[in-house]
Amino acid sequence: MPKITKIQVSKGISWVEIPEAELYIQCGCPADSVKHLMKRGLIVTKEFNGKVYETGPNAILLSDVMIQNGSFTNLAEFPILQMLYRQGLIIPNHPNNTGEKPILMGIKEQLNAQLKYIYRGNYGLVSEDELIEAGLDAKQAKEIMQMKLKFAFGKIKDTKELINTINIKDEKIEIKNKVFIKRVKLNQYEIEYDGESVTVDMSLKENEEYQTPYPLTYYNVKREYFAVIHSGEGDGWDINRPCMSSILMYQGRIYLIDAGPNILASLNALGIGVNEIEGVFHTHSHDDHFAGLTTLMRSDHKIKYYATKLVRTSVAKKLSALLSFEEDSIENYFNIIDLEFDNWSNIEGLEVKPILSPHPVETNIFIFRTLWEDGYRSYAHFADIISLEVLKNMIKQNEDDIGISEEFYKKTKEAYLTKTDLKKIDIGGGLIHGDANDFKNDKSQKLILAHSSNELNNSQKEIGSGASFGLIDVMIPDYQDYARRSAYYFLQTYFPNIESYKLRTLINNQILMFNSETILLKEGEENKSVYLVLTGNVEMINSNNSVYNILSSGALIGEDMATLKKNIGYTFRAANSVQVLNIPVGLYLNFIKQNNLFSSIKKLQGVREFLQKTWLFGDSISHAVLNKIAQNMKIIAISKNETITREENNSLYLIESGAVERFVSPDCKEVLSKGDFFGEETSVFDTPSIFRVKTLEPTVLYVISGKLLRDIPIVHWKLFETYEKRKSMLFGFKMNIKPVLKWKDEYCSYVNKIDAQHQKLFDMANILFYMIEKNTDGDSVQDAFYFFINYSKFHFMEEEELLKKNGCLEYESFKKSLDIFNKKILEFQNDLKSNKKISLGDISSFVKGWITEHVFQKKECLQKNKK
């Protein structure tokens, strides 16, 4: 009988158990991972001495990268909650409360990110100062902080008080009870015990997605004037339904309320493409309402993000912790629109009012309304709320006690019972969710009970209704043709200089509906139609050339083949319910000819087709956006064995043909070929590169402006994923280097941007030392010097700006110290150019001493100013 058992739970998730060592490891924790374990019977309910509890993992192994194929890989919030509360590890007098804490394992970068993310997931904003920065006045901040402390049982705890962590480096390390783990390569680990071992790989294959734990039925959703699609009524533990959410349709436009786990699967089932989404109304930052934000970043335009500044700030801090980027980076992916508590905002006729909801993290619930024949039609979305009984027990006796005031309780109760036509309410129960009984006397026309994994009992059924996935409540029916309105918008974007009456010639054609998994056009067949995608997603497939991409609304299918008068080169297949405008090829060609568009279309066609075949530009980008990229890029040709100087550091380089090698040293390199790219760190993320790039054969490159790419969320997101993956590759290289400079927690200033740059400065110095020690060729050492100096300059400029902004008194002494550093480093570099032998001891001693002192000085200055 084996002592170690490994089970493949789902794509990217494995389970390793060693019962003899009392160790049960969840390997990989993407969205809804707990539900997958429940479905596989790895988490079950048990009873002991009258205590009902769940089994489950007692350790989590994190992925080495934070994103895979566009989705979060490490979302440990709910798995940790399951261990602490549902298993009972933290509950007083519980049989499972033995004093052992859950174990979180992984590389240091991911561990640190998870600790911060779990901290923000538990508490949101953690001080009155943070609440004031988020828009509250001093009195409001004090009241909210007193409420948050009541939820936190009087203390905001550091995550390390709740869990143990194991930092996995390059050597084998013990987890517990003589079970050992070793990192083999990126995302691959070996776990061994008593002579047995198993290997775990948490990587996703190309085009592979994390799976949903529940099946969903496909729908063809008609766009309405004002309606609510019920897209989720479960909670974070419901294995059969998506988490509580809704989709609003207003005048044919699509708005989401919250972005929970596996939202892409829900949108696909409903026949909604990401590019169709106008905006998202966000209630709060708990994972069951937050984990799908990356899906919304995979659009070709910035989706509008609606929330109060309080909630938006809380969400930004959690996202920043998870992805280790600056809080304002959320603006790279969303068009931020702040709402005000208790005030109506008019969004082109749709009015919305956010209301403060008592919860452990900052939360706003929403009421929506729009004008109709007898006044207003209204919908209230109340997630998350807590029961009035729990809220009443939080009323404080003295002003300085933790808890809430009597006035706050009354105001919240009044808000709960606001009369609306339709109201969806959280009835999850417990200490932080609502109770259906609070709405017994609600005068609203219809109540929907949600946010629970339990079946409704009879008393709840007497209060409100349920709603299955895909059910639609139509508040105001549609008497317009929104499909043709969309067609006009897309064609106008595609042909901006053509008169409206000419576009209407194309619009005056049949609109077709294709069910999910139906082939629209087949490779090799004669092209009789050009399809303009209006709703849904279409797969573009050519397996012989390894092409697989998703086309969304606004895509023109078959246009390229029609203008070239060739048979269809790909198979186009409905990924969900798809609506298209069917334009006959003859009419389309006459339209092109009469408007003298053939030469301009032909000029862009080849480039656009190439872009569509690449991973970076192939998914969910409309023809109009692809045309804009094609029109604004340059082309360069480079001979074999040439070093690419990349004079245009604000540009991305896309390989049209040939191959290049991207490397730091012979031990750390990557070969890139047709369709691959480089330069994302400098063009989009404003970070000097430490890599050299050399052609392996004659190579043709497209040069694309980074400024243009920053405004396309899906491209920006894929570049970020690649940037992080390549950093992990460098991390693997660094693991083989014995570092002269070692980063320690005591160096942290807790200013994310500065800490990240200081750590990279350490890395680059260590790479330089490694090159000198190994007697690497002169060019490599010169390059290492060049990159180290360039990054130092970049960092010092960023730091100088921050010090000035924060009014650090030590600024002048910092400048003097910096001059000494620059002078000495230049001397070392000149010695190298003059072929003088450089002493590793001399340079490492100087750099180590200077950088360590520099880091401590900046930490002291920034923390002093923060106080």
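Is Gln-82 buried or exposed? Let's start there, hello everyone. At 1% relative accessibility, Gln-82 counts as buried; the word means under 20% relative accessible area, with exposed meaning over 50% and partly exposed in between, using a 1.4 Å probe and protein chains only.

A quick note on what we are looking at. This is a predicted model, where local features need pLDDT of at least 70, side-chain atom pairs count only at pLDDT 80 or more, and totals for chains, interfaces and linings use all residues. Residues are numbered from 1 along each chain as its sequence is written, and side-chain values use heavy atoms, with hydrogens and water left out.

Back to Gln-82. You will find Gln-82 in helix H2, residues 77–86; helices (H or I, at least four residues) and strands (E, at least two) are DSSP runs, numbered from the N terminus. Setting aside neighbours within four places in sequence, Gln-82 is in contact with Val-34, Ile-43, Glu-54, Thr-55, Gly-56, Pro-57, Gln-87 and Trp-237, where contact means heavy atoms within 4.5 Å.

Next, the nonpolar cores. A nonpolar core is a set of buried Ala, Val, Leu, Ile, Met, Phe, Trp, Tyr and Cys residues joined through side-chain atoms within 4.5 Å. The largest one has 83 residues, and within it Phe-617 and Phe-720 touch the most other members. Not counting residues up to four places away in sequence, Phe-720 touches Met-66, Ile-67, Leu-323, Phe-325, Tyr-333 and Phe-685. Another core, of 38 residues, lies apart from that one, and its members include Phe-382, Ile-386, Ile-395 and Ala-436.

Now for the rings. How many aromatic pairs are there? The count comes to 32 aromatic pairs. Rings of Phe, Tyr and Trp (its six-membered ring) pair if their centres lie within 6.5 Å; planes under 30 degrees apart count as stacked, over 60 as edge-to-face and the rest as tilted. Take Phe-366 and Phe-368, a tilted pair at 5.7 Å centre to centre with 35 degrees between the planes. Phe-368 also pairs with Tyr-379: the ring centres are 6.3 Å apart and the planes are at 15 degrees, so this pair is stacked. Phe-368 lies in strand E23 (residues 364–372) and Tyr-379 in strand E24 (residues 375–382), so the pair ties together parts that are eleven residues apart in sequence. Both Phe-368 and Tyr-379 are buried.

Phe-720 comes back here too, in one aromatic cluster with Phe-72, Phe-290, Phe-325, Tyr-333, Phe-685, Trp-717 and Tyr-723. Over the ring of Phe-290 sits the charged end of Lys-318, 4.6 Å from the ring centre. The rule asks for NZ of Lys or CZ of Arg within 6 Å of the ring centre and within 35 degrees of the ring normal. Likewise, the charged end of Lys-718 sits over the ring of Trp-615, 5.0 Å from its centre.

On to helix H16, residues 585–594, where Val-585, Tyr-588, Phe-591 and Ile-592 are buried. Down the axis of H16, those buried residues fall within an arc of 125 degrees, so they line one face of the helix; the arc uses directions from the helix axis to the C-beta atoms. The face turned away from the buried side of H16 carries the exposed Lys-593 and Gln-594.

Last, the cysteines. A disulfide is a pair of cysteine sulfur atoms within 2.5 Å, and the count here is zero. For Cys-27, the nearest cysteine sulfur, that of Cys-29, is 10 Å away.
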